Amino acid sequence: MNAPTENAPAAGVVEALRAAMKESERLRRQNRMFVAAAREPIAIVGMSCRFPGEVYSPEDLWELVASGTDAISGFPTDRGWDLDALRDSTTDERDTSVSQQGGFLSCVTDFDPGFFGISPREAVTMDPQQRLLLETTWEAIERSGIDATRLRGTRTGAFIGTNGQDYAYLLVRSLDDATGDVGTGIAASAVSGRLSYALGLEGPAITWSTPRARPPSSRSTWPCSRCATANADWRSPVAST
């Protein structure tokens, strides 16, 4: 008659062990989830862009593609170009046909150098790609919900893919034009450093200047897979083309 009473403590222990094992398994699953989230190689939290056809955001780009809008236009009139000579030209010195249209950014002259602590004189010597990089990076950070000024002094890394630096041919006409600020303004290798300096970032600043740096796959996956070993708390992989 006493057997059930004597076995009750043992049954309670077994039930407690089962509950503990279930809780332990739940905690293991939760831990694996947290570890996987911490080791996530890349998370895109903000984007920005500039493209011909009045595209100033990813939403604008989607609308342009969805609507099939033609972003090609005639030569802009605010670049100081000899438009009459361009229009009268049919071929160049290599006997190659000269196009009368192209894809142009209407906002390329709207850069505000003072906002980034850059003098107007230095801004003129900067490749427009560098100016656009500063603008779009700041915008991408804001779109991600981060105050860009709070990144100053942090280990935030800048990983830039770039190619095609032809501004030097327009800017440097003689040795007198080759001033010190021109060197950093037209050098592809200085792009990531320019961004880090302007935003006060103290993480790694790396520029890939090769033809392979231009496709989206190479500039967003390969650099970011190295972010964890680059000693950066935040990563700002940006492409300038």
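Q: In this predicted model, which residues of the largest nonpolar core touch the most other members?
A: A core of this kind is picked out from buried residues joined through side-chain atoms. Here it has 18 residues, and Phe111, Phe116, Ile118, Leu134, Ile160, Leu195 and Leu199 touch the most other members.

Q: And which elements give two or more residues to this core?
A: Those are the helices α5 (128-143) and α8 (191-199), plus strand β1 (156-162).

Q: Say I pick Leu134: what is it in contact with, leaving aside neighbours within four places in sequence?
A: You'd find Phe111, Phe116, Ile118, Met126, Arg194, Leu195 and Ala198 around Leu134.

Q: What about cysteines: how many disulfides does a search of the whole structure find?
A: The count is zero. As for accessibility, Cys49 is buried because its relative value, 10%, falls under the 20% cut-off. Cys107 is also at 10% and counts as buried.

Q: Which residue has a positive phi although it is not a glycine?
A: Start with the general idea: most residues other than glycine have a negative phi. In this chain, Glu54 has a positive one, about 60 degrees. Glu54 sits in the loop between α1 (3-38) and α2, and at 45% relative accessibility it is partly exposed.

Q: Where is confidence lowest and where is it highest?
A: Look at pLDDT, the predictor's confidence in each residue. The chain's mean is 77, with 76% of residues at 70 or more. Helix α2 (residues 58-67) is highest at a mean of 94, while helix α9 (residues 216-220) is lowest at 33. Across residues 215-231 pLDDT stays under 50, and the model has 24 contacts beyond four places in sequence for that stretch.

Terms used. Residues are numbered from 1 along each chain as its sequence is written. This is a predicted model: local features need pLDDT of at least 70, side-chain atom pairs count only at pLDDT 80 or more; totals for chains, interfaces and linings use all residues. Side-chain values use heavy atoms; hydrogens and water are left out. A nonpolar core is a set of buried Ala, Val, Leu, Ile, Met, Phe, Trp, Tyr and Cys residues joined through side-chain atoms within 4.5 Å. Buried means under 20% relative accessible area, exposed over 50%, partly exposed in between (1.4 Å probe, protein chains only). Helices (H or I, at least four residues) and strands (E, at least two) are DSSP runs, numbered from the N terminus. Contact means heavy atoms within 4.5 Å. A disulfide is a pair of cysteine sulfur atoms within 2.5 Å. pLDDT is the predictor's confidence in each residue, from 0 to 100.
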